[in-house]
Amino acid sequence: MSGHAAGSAGAVPAEDPTAFGWLNTADHKRIGRLFIACSLLFALAGAVADLLVRFDLASSSGHTVLNADSFVQVFTFTRDALVFGTLIPLFLGIAIYVVPLQVGAPNIAFGRAAALSFWGWLVSAGVLVGAYIANGGPGGGFSDGVDLHLLALAGLVISLLTGAICVAVTTLTMRAPGMYMDRTPPFAWSALVTASMLVVSLGVVLGQIVVLYIEHRYGPRFLGGNYGIWSRIDWMYRTPQLFIYVVPVLGVVAEIMLAAARRWVFEPLALYFTMGLVGLFGFGAWANFGITNEGADIVDGLEGIVLVGLYAGALAGVSGLLALLGFTLWLSRNRPRPRSGAVSLTRPNTAVVAAFGAGTLIAVAALVGLIGAGVDWLQIAGRGTDGNAPLRFTTWITGQQSLLVYGAGLLGGLAALHWWAPKIWGRRLSELAGFASLLAIGGGALVAWLGPTLSGVFTEQPQFVYGAPLLTTRYASQVDDSGAEGLSALGAVGVVIVLVGVALVVLNLLVSVAMRKGAAAEADPWDGLTPEWLLPSPPPLGPAAALPELASGTPLLDAELNGNGLNGTGAAAERDAEEVPA
Amino acid sequence: MSDATSTVEAPQPGRYSVPGPPPRPRSQLVGTGFAIAAGAMAVAGALGHYMARRHASGIDPGHDWLAGQSVPNPQLVYALITLLVSVVTAHWAVWASGRGERGHTWVGMALTLVMGLAFFNMVMFSLNRMELEIGSGEWATLAYAVTGLSLAILIVGMFYLGLMTLRSLGGSVGRDRSTPLGAAVFFWDFAVLAWAATWYVVYVVK
């Protein structure tokens with residue numbers, strides 16, 4: 001077999017194997033691991049904060065756990081921790097680790113910038129937490145703390161943008177010679193889509209943060225001061241922007257499902273197109289929500305239909321991808337597996353079931369979003385108005401966030417961790433703990449979604465009252481009936497279950513990886529298709545001396561097909577095989 | 001390089017293979033393109049905020065958006081022209097670098113950097129003359145924020161240009177070695193465009 005040398009682009013100096021090496025590393029494998037570990041800790045912190053908020057909302061007449069000063073900060077911290085602390089960095093870390101291996105690159109592009117991305121993110125996240133502790137954050141009472149929060153948020157955005165650019169450039173420019181874009185592994189493509197969309201959407205919030213910071217620190221508070229911040233940036237934490245963050249989950253789903261099928265999709269462009277569609281229709285949330293504050297009359301009546309269009313596009317993308325993968329699985333139902341350890345639908349493991357669940361939940365989230373946006377549009381357009389609050393101002397939004405962050409995001413993350421743990425740490429994670437965490441996260445996410453969603457529909461419980469956010473916790477006079485209390489409590493129970501699931505994931509990693517109790521993994525434990533499974537588990541630190549030559553994103557499938565008397569790369573060979581008369 | 005119809009030898013999991021051709025060299029240019037996209041969206045976000053506030057204030061009749069502030073546009077026009085000329089000299093430097101002409105490369109970059117500094121001098125003079133006081137009013141505050149963002153991007157652009165100029169001084173010139181300088185000039189083009197958009201929205205349309 002031929003291959004190519006690790007060239008200078010993206011090359012890193014020799015890695016220091018000592019603990020100090022973690023501090024000055026520019027190796028994508030270490031940076032990826034750091035991102036993954038720290039983002040899981042943030043998931044725990046975010047879920048705990050969410051739990052406090054939901055318990056507080058379980059009483060319609062006032063605060064139970066928090067108080068008037070802390071509610072807004074804990075509410076906004078929850079979103080910060082789950083989106084900027086967990087969802088984006090978790091998949092960024094996985095992408096930084098896996099994408100270079102998948103495309104045959106010696107390292108992530110701009111290894112030092114990727115390291116800067118991690119440390120910048122970690123420091124900014126620490127400052128963000130400090131700002132909240134100092135009574136800063138949106139709605140905070142300590143003015144300098146609010147400014148510090150905005151600076152930390154800008155730091156988080158810049159750091160994550162830097163990491164996203166490293167991943168995108170790796171996929172675009174450092175693919176092995178011969179691996180064209182239409183043969184890129186699905187996860188690498190999904191990482192490129194997300195990175196590109198992050199670049200063009202998080203850039204907007206950076207501009208907004210500059211304005212908000214100057215206004216809050218120096219200006220006459222014409223944007224509402226500390227209470228005006230959240231209404232201008234909360235589009236980052238809501239659908240359809242959330243769809244951008246979960247596009248890598250679709251990549252994970254495609255990777256695992258295709259490995260289970262041991263077959264390439266019949267139309268690769270459809271695979272890439274559908275994932276791109278989800279990212280594309282997640283973009284634009286900033287325009288819809290950003291402009292509705294000062295420029296509401298500019299888009300009067302349009303905002304509803306724009307949202308309907310965004311959700312419809314995302315739904316088309318997700319359902320198209322799932323249909324494509326489902327059809328591929330159906331086509332391969334009788335295909336023999338090369339060896340007994342191969343992953344398949346008849347022999348599911350945590351990764352397969354979690355991937356299936358995560359993909360389904362994204363589709364459900366898009367469908368639910370479309371229904372909600374359609375209802376709101378009818379109201380905005382004056383058809384069917386009955387004086388009810390639009391759903392997007394109720395806890396319906398909290399439900400969507402739960403579905404996408406806890407459901408799709410964490411389940412997708414669980415699938416990715418179980419799938420790539422052998423490659424990342426050289427150990428398999430415990431399947432028993434994996435299934436337990438799968439049930440807890442999946443079930444908890446559904447309950448965490450159901451409570452606030454039903455409350456939003458039936459009681460119009462406010463999600464967050466921008467002008468007077470404390471009204472959010474005193475909604476007795478605003479809701480249709482008293483069922484909101486029970487439904488909020490139901491949502492809180494869901495978060496408790498999710499929290500248990502995340503704790504199990506962390507525990508599983510500690511026991512299986514840190515304590516080395518997990519089974520040592522061979523190079524290709526799942527009979528995977530993509531190039532990373534050609535490398536040892538885990539690959540050695542530092543730049544590889546030489547890398548495999550890759551003609552497609554599925555070299556192991558190519559080899560299997562060649563063994564069956566077929567020539568060519570995965571996609572082409574599949575087509576050839578289809579054309580052979582029986 | 002294999003194609004879709006060639007025979008692919010069966011790879012063996014767990015084994016690296018032998019050396020081959022190097023990876024593609026344009027990472028820096030593509031990375032700069034992504035940074036430009038992010039910067040463009042940041043400027044667009046800030047300008048969008050500015051325009052939305054201006055629109056909202058216009059709804060209130062009799063409201064003086066500028067709060068009596070006058071804008072010395074002649075100086076700002078000269079500043080913009082200086083920047084536009086610096087774009088020409090920057091591209092001259094890249095062109096010369098591609099032909100391996102070190103002298104022209106360095107003169108072009110030196111002129112670009114000097115004009116960049118002259119631009120900052122002119123803008124600071126204009127802002128001082130305006131006596132624009134941050135926090136004195138809505139327009140002044142927003143103008144400070146948006147102008148500051150654009151100037152920050154220009155500063156990053158000058159730093160990037162300076163860094164790549166030093167690299168050129170170190171001998172990185174020639175057809176195959178000019179991409180980093182080209183990437184820096186690409187960013188400079190964007191920074192100038194971002195300033196032009198800011199100037200038009202904030203100081204011409206106001």
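Keep in mind throughout that this is a predicted model.

**Exercise 1. Describe the make-up of chain B.**

Step 1: Begin with the secondary structure, which amounts to five helices and zero strands. Read from the N terminus, the order of elements is α-α-α-α-α.

Step 2: Turn to burial. Chain B has 206 residues, and 41% of them count as buried.

Step 3: Finish with the contacts. Taking those in chain B with a separation of 6 or more, 80% are between residues 24 or more positions apart.

**Exercise 2. Work out how helices H2 and H5 of chain A are placed relative to each other.**

Step 1: Locate them: H2(A) covers residues 70-103 and H5(A) covers residues 186-217. Their axes come within 9 Å, crossing at roughly 130°.

Step 2: Classify the angle. It falls between the roughly perpendicular range, 65 to 115 degrees, and the roughly antiparallel one, over 145. The two helices, H2(A) and H5(A), are therefore oblique to each other.

Step 3: List who touches whom. H2(A) contributes A:Phe91, A:Ala95, A:Val98, A:Val99, A:Gln102 and A:Val103, while H5(A) contributes A:Phe187, A:Ala188, A:Ala191 and A:Thr194. Sorted by class, the contact of H2(A) with H5(A) has eight nonpolar residues, two polar and no charged ones.

**Exercise 3. Check the length of helix H4 of chain B.**

Step 1: H4(B) has 32 residues, 138-169, so at 1.5 Å a residue it should span 46 Å.

Step 2: Compare this with the model: the end C-alpha atoms of H4(B) are 46 Å apart, which agrees.

Step 3: Look just past H4(B), where B:Gly171 has a positive phi of about 110°.

**Exercise 4. Is A:Leu404 buried or exposed?**

Step 1: Find A:Leu404 in helix H13 of chain A, residues 396-425.

Step 2: Count its C-beta neighbours inside 10 Å: there are 32, so A:Leu404 counts as buried. The cut-off for buried is 20 or more.

Step 3: See what surrounds it. Beyond its neighbours within four places in sequence, A:Leu404 is in contact with A:Thr239, A:Leu242, A:Val246, A:Ala365 and A:Gly409.

Note on methods
Residues numbered from 1 in each chain as written. Chains lettered and ligands numbered in written order. Predicted model: local features only at pLDDT ≥ 70, side-chain atom pairs only at ≥ 80, totals over all residues. Helix = DSSP H or I, 4+ residues; strand = E, 2+ residues; numbered from the N terminus. Buried ≥ 20, exposed ≤ 12 C-beta atoms within 10 Å, placed from the backbone. Contact = placed C-beta atoms within 7 Å. Axes fitted to C-alpha atoms, helices over the stretch in contact; angles between N-to-C directions. Parallel < 35°, antiparallel > 145°, perpendicular 65-115°, else oblique. Nonpolar A, V, L, I, M, F, W, Y, C, P; charged D, E, K, R; others polar. Expected span 1.5 Å × (residues − 1).
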